[in-house]
Amino acid sequence: MEVDDVSVREQLFHNRVRETFICVLLFTCLYILSYLILTHFKKNADYVTDDVEDATANKIALWLCTFTLSVSVCAVLLLPISILSNEVLLIFPHSYYMQWLNGSLIHGLWNLVFLFSNLSLVFLMPFAYFFTESEGFVGCKKGVMARVYETAVVLLLLTLLVLGMVWVFVALLNNHSARESLYDMWEYYLPYLYSAISLCGVLLLLLCTPFGLSRMFSVTGSLLVKPRLLENVEVEMNCAAFEEASLSRTLNRGSTACWVSVNVEPLRTQYLGVQAKRIALEMRRRASPWQRNLFYPLAMLLLLALTVACVLMVCFNVLELLFDETAMPSGMGDPRLGTASFSMFGSLGAAVQVVLILYLMVSSVVGFYSSPLFTSLLPRSQDTNLTQIIGNCVSLLVLSSALPVFSRTLGITRFDLLGDFGRYNWLGNFHIVFLYNILFAGLTSACLINTLTWAVQGELIRAFGLHKLPLTVSRTTIPLKLLLANGLSKIQ
């Protein structure tokens with residue numbers, strides 16, 4: 001009996017060590033990837049200043065931002081890893097090499113992401129911001145530790161302020177729960193704060209994702225080479241070349257004619273932008289007919305299919321919410337992986353779910369940076385200051401940590417939420433979940449219809465050359481025969 005107990009304890013110990021090693025290895029890879037991404041966007045002048053103290057503070061803040069970004073990437077991969085792990089265990093149920101892939105590992109990964117995401121959002125990112133802005137208390141010796149002390153005091157005061165506001169809000173809703181929260185903060189106090197943060201993230205996804213789904217067509221179109229019917233690269237490249245030559249002559253004349261009162265820096269910036277545009281147009285002109293006539297239509301059809309699939313799945317989830325209680329998002333205590341597929345179409349349906357989840361995340365990021373409120377946060381290569389990096393990391397963390405709840409609420413997947421992700425108070429409210437699905441389906445459909453109608457109209461106007469008409473001429477007064485004749489002549 002004692003031998004069996006020892007063997008069981010050894011097995012549990014080895015399982016725990018293996019899970020810890022896998023989590024550390026995964027997080028290390030994501031940390032390296034996040035550091036390379038931030039290095040690509042950071043402004044190098046902030047880290048090589050003459051002030052050693054400022055440079056050290058900026059480096060520490062950059063390390064905290066790297067940690068936060070790696071947690072964000074891991075939060076995005078939570079559902080895809082869980083769904084694919086379940087399908088792999090269904091395909092290889094008795095494989096010796098797949099024994100490390102189990103429910104305990106997935107459950108532990110969800111708990112770690114939840115812990116680190118809240119830790120980064122509540123403590124690390126505010127600490128990074130206040131640390132870069134602090135200088136130390138008056139009368140104290142200057143240095144990095146003086147900044148740490150001031151940042152810790154400011155962060156403590158901010159924490160007390162936020163917790164006090166949450167306690168007042170809880171007291172207004174339920175006085176009994178507020179009294180208990182004073183004695184048991186972990187059970188009554190923090191769940192309200194977690195629920196509020198998750199609700200803000202899910203609402204932000206509701207606003208950004210439909211707009212991002214419509215913007216994906218224009219963003220993808222700008223990266224691909226359009227057919228000649230929809231785009232005349234020769235004309236655009238000639239215009240860019242003429243503009244570049246004009247700016248070059250202006251800069252040369254300004255440097256030789258001693259224009260003291262003229263600031264040539266804006267002209268130089270404009271010249272570099274036009275030069276980059278011309279180079280990009282030359283590369284697009286050299287594109288093969290396959291790239292021009294096949295890749296662009298396939299990409300547009302793929303984006304349209306993914307968007308329509310998302311809308312149809314949400315509409316089907318709305319019907320399920322009306323007739324099936326199991327369609328409500330809920331938490332799952334013990335994930336039994338390898339017992340049944342989370343899609344009625346098997347492994348193919350699970351692969352489609354993973355693609356749709358990643359597509360929704362990319363669309364939400366595109367919609368976030370395309371919004372007029374957050375355009376200023378858009379990072380630029382080698383020209384993003386530390387404050388913007390902190391803002392971007394916080395925004396991406398809010399979006400990514402809400403992605404599992406967002407996907408399960410919309411019915412994109414039937415994989416229930418693990419760990420503390422399923423403890424949010426508003427998940428059990430039928431009216432909130434039902435209204436959220438209706439709003440997402442309506443906003444996405446409206447944005448998609450608006451984008452397609454305006455895109456088709458704009459491309460037809462450009463293809464027929466009507467964009468060159470003066471504003472005094474109404475395009476609706478032009479006969480249809482003239483439009484068709486003009487378009488056919490341009491195609492020929």
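## Packing of H4 against H12

In this predicted model, helices H4 and H12 pack with their axes 11 Å apart and at an angle of about 170 degrees, and the two helices are therefore roughly antiparallel to each other. On the H4 side the contact is made by Ser117, Ser120, Leu121, Met125, Ala128, Tyr129, Thr132 and Glu133, while H12 contributes Leu386, Thr387, Ile390, Cys393, Val394, Leu397, Val398 and Ser401. Sorted by class, the residues of this contact comprise 10 nonpolar, 5 polar and 1 charged.

## Packing of H2 against H3

Helix H2 also packs against helix H3, which spans residues 78–91, and here the axes lie 4 Å apart at an angle of about 40 degrees. That angle makes H2 oblique to H3. The residues that meet are Cys74, Ala75 and Val76 in H2 and Leu78, Leu79 and Pro80 in H3, and by class this contact of H2 with H3 has 6 nonpolar residues, no polar ones and no charged ones.

The structure holds 11 aromatic pairs. One of them joins Phe67 and Phe116, whose rings are arranged edge-to-face, with 5.5 Å from centre to centre and 70 degrees between the planes. This pair links distant parts of the chain, since Phe67 belongs to helix H2 (residues 52–76) and Phe116 to helix H4 (residues 103–133), the two residues being 49 residues apart.

## The largest nonpolar core

The largest nonpolar core of the model contains 81 residues, and among these Trp110, Phe406, Phe415, Phe421 and Phe440 touch the most other members. The helix that supplies the largest share of this core is H4, with 12 residues. In soluble globular proteins, nonpolar side chains tend to be buried together.

When neighbours within four places in sequence are left aside, Phe406 is in contact with Leu205, Thr209, Leu360, Tyr436 and Phe440, and Phe440 is itself one of the residues that touch the most other members of the core.

## Asn437 in H14

Asn437 has its place in helix H14, which covers residues 430–463. With a relative accessibility of 0%, Asn437 counts as buried. Its contacts, again leaving aside neighbours within four places in sequence, are with Val314, Asn317, Val318, Leu321, Thr409 and Leu410.

Phe374 is found in the loop between helix H11 (346–370) and helix H12 (386–401). Its relative accessible area is 24%, and Phe374 is accordingly described as partly exposed. Not counting residues up to four places away in sequence, Phe374 touches Leu204, Phe368 and Tyr369.

The C-alpha atom of Phe374 is separated by 9.6 Å from that of Ser395, although the two residues stand 21 residues apart along the chain.

Conventions:
Residues numbered from 1 in each chain as written. Predicted model: local features only at pLDDT ≥ 70, side-chain atom pairs only at ≥ 80, totals over all residues. Heavy atoms only, no water. Phe/Tyr/Trp six-rings, centres within 6.5 Å; stacked < 30°, edge-to-face > 60°. Buried < 20%, exposed > 50% of the residue type's maximum accessible area, 1.4 Å probe, protein only. Contact = heavy atoms within 4.5 Å. Axes fitted to C-alpha atoms, helices over the stretch in contact; angles between N-to-C directions. Parallel < 35°, antiparallel > 145°, perpendicular 65-115°, else oblique. Nonpolar A, V, L, I, M, F, W, Y, C, P; charged D, E, K, R; others polar. Core = buried A, V, L, I, M, F, W, Y, C linked by side-chain atoms within 4.5 Å.
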